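Subject: Structure handover

Hello,

Here is the structure for you to look through. Please open it beside this message; the notes on what was found follow below.

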Amino acid sequence: MSARRDDLIVPRRDAEGGFQVFSLNNRDAGVREYKRRRMHAKAHSGCLACRAKRVKCDELKPVCARCCRNGRSCVYGQPSKDGRWAEGFSILTPVTVVPFSAPSAQNGTSSIHLMQHFERHWAEIFGFARSDEVFALSKSHSLVRNTILAVAACHLRHVSPGVLQHRIAEHFQQCLALRDCQKFLATPPTELGQSGVNALMFSAMLLNMLAFTLPESETSSTGEPDLGTSWVFSTHEHRLGWLALQEGLRHVLRSTAAYLGQAMIFLGQVFLGPDNDPWVYSAFPHSLNGLPEKWIKFFKLENAAYGCECGPAGSVEVVGASSGHSWTIARDKRGEILRPALVALLHSLNAGPVGFNIFKYFPFLSKVHSEFRTLLYDRDEKALWLFGYWLGLMSRFEGLWWCDKRVNRDYKAIRLWLEQAHVTLRPGVEGEMWREMMEEFDKAAVVPT
């Protein structure tokens, strides 16, 4: 019976097995066909949590918007014959065991979700194998925990651009990590001990990765880097702020010198793997043996056979490698500023563009000190060439989510800047030298066969 007073609905099966509906409403006494509800195919591409709750999933990967908002585990996969899911989760038991607890940002992706993400995508995020030593450090040092969560949030932002919660979480976790890093730096190394120094060095390396990633505002609508957003063409006062953080690694090395030997062995096992040669920390020598002669002339450096110690302003004391005699000559201040970075670059040239070797190129950044950064800020042409050459070498490592966009964008931006400055068209020896060096520059991004 209908709830309406003036209507009576009487269904009747017709001869063909269907139904007809009689409406006895006095205003419209007619017969209409009973229409069954249209059947819809079940969606099999939504995440586990949304399918279990029978709600629409936007299928954003690796984390859909609903799971991100509610802090739930977001798992995609197809059921197998036994009813379990491809990623090892039962439809009734989507459980992930996390190694530690950590605070979450308000309105940001929860720390639980970040933990689940780096647990599942460890190799893709960090570029090195899982390490029990790293997990042990993460349990005992909040600096390592917050740094790992910041990197995980940054990776989520990279694979799911436009999700505000990931950006909030990245900023929040990075702020916590930097705060902890400041506390570590203010603590005497004797109080930190070897474990604390290991945690500081490991976190400093990952924070350098974070600083190297492009912010979302510096990518185009297609997700590709835009040369116009590069610091090379920017007039922003703080356009090299991201590079200032890289210099922090230099201060970490200096403040923890007594523990660096064991710390470098630990980092070598984590980043390079136990089967690779361990990192041995030692100060780079002044010698430029192995550097092409035209580079030495280009940067106006002294012969590679000599060691240099800074003398009075505008001069350099040169000590003969064999005779031991010393004398003073005029020096090019710019060349001496760039010299440490050139030496660091020289010691990484033999590391091929394979996986973990990317971390062998990081010592270059520790030599980009404030004077070098000032030259870049002022767009000094030779400083730009040197930094761009290093970016070209870095661009050989393909598929590294945290650096590929920046190195490719800024390498091309420096190339365009120097081209617009017409350095190769300058008259005489200067133009000839620039033409040779630009050929070198173009070869930097080419993987040798």
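**Two loop residues**

Arginine 379 lies in the loop between α15 (370-377) and α16; helices here (H or I, at least four residues) and strands (E, at least two) are DSSP runs, numbered from the N terminus. Before going on, note that this is a predicted model, in which local features need pLDDT of at least 70, side-chain atom pairs count only at pLDDT 80 or more, and totals for chains, interfaces and linings use all residues. Residues are numbered from 1 along each chain as its sequence is written, and side-chain values use heavy atoms, with hydrogens and water left out.

Arginine 379 is not a glycine, although its phi is positive, about 60°. At 19% relative accessibility, arginine 379 counts as buried. The cut-offs are these: buried means under 20% relative accessible area, exposed over 50%, and partly exposed in between (1.4 Å probe, protein chains only).

Histidine 422 also has a positive phi, near 55°, and is a residue other than glycine. Histidine 422 sits in the loop between α17 and α18. With 46% relative accessibility, histidine 422 is partly exposed.

**The chain as a whole**

The chain has 18 helices and six strands. Of its 449 residues, 45% count as buried. Among contacts (heavy atoms within 4.5 Å) with a separation of 6 or more, 62% are between residues 24 or more positions apart.

Isoleucine 112 is in helix α3 (residues 111-120) and is partly exposed, with a relative accessible area of 37%.

**Two helix pairs**

How do α7 and α8 cross? The axes of helix α7 (residues 164-185) and helix α8 (residues 189-212) come within 11 Å and cross at roughly 140°. Axes are lines fitted to C-alpha atoms, for helices over the stretch in contact, and angles run from 0 to 180 degrees between N-to-C directions. α7 is therefore oblique to α8; angles under 35 degrees count as roughly parallel, over 145 as roughly antiparallel, 65 to 115 as roughly perpendicular and the rest as oblique. The crossing of α7 and α8 is left-handed, a term for a near helix turned anticlockwise from the far one by less than a right angle (right-handed if clockwise).

On the α7 side, the contact is made by Glu170, Gln174, Ala177, Leu178, Cys181, Phe184 and Leu185. On the α8 side, the residues are Leu192, Gly196, Ala199, Leu200, Leu207 and Leu210. By class, this contact has 10 nonpolar, two polar and one charged residues. Ala, Val, Leu, Ile, Met, Phe, Trp, Tyr, Cys and Pro count as nonpolar, Asp, Glu, Lys and Arg as charged, and the others, Gly among them, as polar.

The axes of α16 and α17 are 9 Å apart, and these helices pack at an angle of about 145°. The crossing of α16 and α17 is left-handed. Residues making the contact include Glu381, Leu384 and Trp385 of α16 and Val407, Asp410 and Tyr411 of α17. The contact of α16 with α17 divides into 10 nonpolar, two polar and two charged residues.

**Salt bridges**

How many salt bridges does the structure hold? There are 12, a salt bridge being a side-chain nitrogen of Lys or Arg within 4 Å of a carboxyl oxygen of Asp or Glu.

- Lysine 294 and glutamate 440 meet through their side chains in a salt bridge (3.2 Å, N to O). The pair links distant parts of the chain, 146 residues apart: lysine 294 is in helix α12 (residues 293-298) and glutamate 440 in helix α18 (residues 428-444). Lysine 294 is partly exposed at 30%, whereas glutamate 440 is buried at 15%.
- Arginine 426 and glutamate 381 form a salt bridge (2.7 Å, N to O). These two are 45 residues apart, with arginine 426 in the loop between α17 (404-420) and α18 and glutamate 381 in helix α16 (residues 381-394). Glutamate 381 is partly exposed, at 21% relative accessibility.
- Arginine 415 and glutamate 419 also form a salt bridge (3.8 Å, N to O). They are separated by about one helical turn because they are four residues apart in helix α17. Arginine 415 is partly exposed at 26%, and glutamate 419 is partly exposed at 48%.

Regards
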